[in-house]
Amino acid sequence: MKPRTSARTLSLFSSPFPPCPSVGRIQRRHVFSSSSSSSSSPPALSPSKQRPWLRVAIVTIAAAGIGAYVRSQEGSKSTTLNPITFTPYYLVSKEPVSSTGCIFTLKAPKPASDNGQVYDEAWRTGVWSVMFKQPQLQIGRDYTPLPPTSVEEDEESLRFFIRRDPFGEMSRYLHGLDMGTRIEMRGPQIECEIPSDTQHILFIAGGTGIAPALQAGHTLLSRTDGTHKPSIHILWANRSRDDCVGGTNDNTMTSKSRASWFAGLWKPSPTEPSPADSSKNTAPFSSLLVRELENLKAQYPGQVTVDYFVDEENTFIGKKAILDVAGSTAPAEEPQKRKMILVSGPEGFISYMAGPKLWAQGMELQGPLQGIIRELDLKDWAVWKL
């Protein structure tokens, strides 16, 4: 599901064997009986001197049994990703996307035929995530895999866009790892199902929220056939151009929205600024994520559009940017087809766009629709916060 903004504390692992106080008590009783019997009983009647091999045999058999059980449990650990137990993967690549973010590639220790089935089912369903474990602090955090770029990668490895957060225990831990380091994770966890009758998706992404946007595009567009051609429009907001170098807008009108979501948290939207049009960006190269977006557009021509918004260039996602997309599909155009608005990014970004999510009874809930999307009162659009 996109990267989650809150960490989950994991329970410490404990031994499968309960403590056995009876062994200690037997040893202590034996010590006391042997010392007291030295003055009242013949030495020949002492159990420790009569049958010392019995105690050695019991301890040896118990130790052998415990060792065999542990070895059997280690040998039976599956290399197939599953949502119950943590599966070991290994860091094989770390490619910089910007000055603060990298794409991490993790590979299973050996090819597991079931992994392909697990991934395929998740990709067909919708947006999904896995939980990484930080072994020292025993905490976990959810991250969203990026869609595969090849068939081989689909079965053997997973990729993640992870930004280094100076205050994030997990991101600092991951960015400090060396190649070949073992990383344990479990999943998949379905964050949002994309129904088969979905025709249009408007994805509003902030920062690393682009990862679930790419997932949604991969799932939706893979259903394309001769009669069904769904579409996705992505609005991607970043604080600096460094995060989306080379990105150019498909809809230039959306580049002049009114206010940053960050500013909107504290004060009303200011008047229209004079933003620099990001569609005129002439960077000599594109970042890895921009290239993946361009590849998606090339693979599905006419079905994907992307607009970039950069705080430092005074371009922000506002009501007009959303209406330019949502208003372009008339409610009566295809009444039997589903239209979805998905929002992903930092907590403040989601709250500004659609209202905060809520926690109740240990579960994360969607919460009521608020923010600027509610103010737009869009009909026939289902909204989901990731």
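Apart from neighbours within four places in sequence, serine 171 is in contact (heavy atoms within 4.5 Å) with Tyr143, Ile162, Arg163, Arg164 and Asp165. A polar atom of the serine 171 side chain lies 2.9 Å from the backbone nitrogen of aspartate 165. Serine 171 is part of helix α6 and is buried, at 5% relative accessible area. Here buried stands for under 20% relative accessible area, exposed for over 50%, and partly exposed for what lies in between, with a 1.4 Å probe and protein chains only. Helices (H or I, at least four residues) and strands (E, at least two) are DSSP runs numbered from the N terminus.

The model is predicted: local features need pLDDT of at least 70 and side-chain atom pairs count only at pLDDT 80 or more, while totals for chains, interfaces and linings use all residues. Residues are numbered from 1 along each chain as its sequence is written, and side-chain values use heavy atoms, with hydrogens and water left out.

The whole structure holds 16 of them. In one, the side chains of lysine 133 and glutamate 184 meet at 3.0 Å, N to O. Lysine 133 belongs to strand β4 (residues 126-134) and glutamate 184 to strand β8 (residues 182-193), so the pair ties together parts 51 residues apart in sequence. Both residues of this pair are buried.

Aspartate 250 and lysine 297 also meet in a salt bridge, again with 3.0 Å from N to O. Aspartate 250 sits in the loop between β10 and α8 (261-264) and lysine 297 in helix α9, 47 residues apart. Lysine 297 is buried at 14%, whereas aspartate 250 is partly exposed at 39%. A local case is aspartate 324 with lysine 320, whose closest N and O atoms are 3.3 Å apart. These two lie four residues apart in helix α10 (residues 319-326), about one turn of the helix.

What remains is the nonpolar interior. A nonpolar core is a set of buried Ala, Val, Leu, Ile, Met, Phe, Trp, Tyr and Cys residues joined through side-chain atoms within 4.5 Å. The largest has 34 residues, of which Ile201, Phe203, Ile232, Ile234, Trp236 and Leu289 touch the most other members. Among the elements that each supply at least two residues are β9 (198-206), β10 (231-238) and α9 (288-299), while α7 gives the most, with seven. At least three residues come from each of domain 1 (87-191) and domain 2 (194-254 + 285-385), with bounds from an automatic or database domain assignment. A second, separate core of 23 residues includes Leu81, Phe104, Tyr119 and Tyr173.

Note on methods: Polar contact = N/O pair within 3.5 Å; in protein donor to acceptor, adjacent residues only side chain to side chain. Salt bridge = Lys/Arg side-chain N within 4 Å of Asp/Glu carboxyl O.
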